[in-house]
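Here is a short briefing on one protein chain. Look at the sequence and structure first.

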Amino acid sequence: MSIEGHSSAPGANVIVEHYCEHRIADGTCCKEWGGWGHSPSPAVPTRWWCFEHFPHKSYEQEQALRRKRRPRAGKSSNESG
């Protein structure tokens with residue numbers, strides 16, 4: 001892989017890792033990747049959360065997350081399909 005054409009500006013090739021900022025009651029942080037960022041304006045630093053803890057979900061996203069967590073009715077672990 002060539003680096004030709006890439007920026008040589010300071011900090012341009014730095015990878016910033018951002019994990020979920022949610023804190024659990026015992027003070028520990030969530031260990032999931034913070035792929036959902038939010039900032040009210042460009043002047044405010046972006047805060048990052050995993051999808052489960054993202055506080056700005058729409059109603060439809062919230063319902064989809066609840067359906068995903070809910071076990072399917074009428075299926076046992078031995079049934080396939």
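The notes below cover the fold, the aromatic rings and one cysteine. This is a predicted model: local features need pLDDT of at least 70, side-chain atom pairs count only at pLDDT 80 or more, and totals for chains, interfaces and linings use all residues. Residues are numbered from 1 along each chain as its sequence is written, and side-chain values use heavy atoms, without hydrogens and water.

**Fold and surface**
- The chain has one helix and two strands (DSSP runs: H or I of at least four residues, E of at least two).
- From the N terminus, the order is β-β-α.

**Aromatic rings**
- There are four aromatic pairs (Phe, Tyr or six-membered Trp ring centres within 6.5 Å; planes under 30 degrees apart are stacked, over 60 edge-to-face, the rest tilted).
- W36 and F51 form a tilted pair, 4.9 Å centre to centre, with 50° between the planes.
- W36 lies in strand β1 and F51 in the loop between β2 (47-49) and α1 (59-69), so this pair ties together parts 15 residues apart in sequence.
- W36 is partly exposed at 35%, and F51 is partly exposed at 25%.
- W49 and F54 are edge-to-face, because their centres are 5.8 Å apart and their planes at 65°.
- Both W49 and F54 are buried.
- Ring pairs join W36, W49, F51 and F54 in a cluster.

**Cysteine 29**
- C29 sits in the segment before β1 (36-38).
- C29 is partly exposed, at 29% relative accessibility.
- The C-alpha atoms of C29 and Y19 are 8.8 Å apart.

Conventions: Buried < 20%, exposed > 50% of the residue type's maximum accessible area, 1.4 Å probe, protein only.
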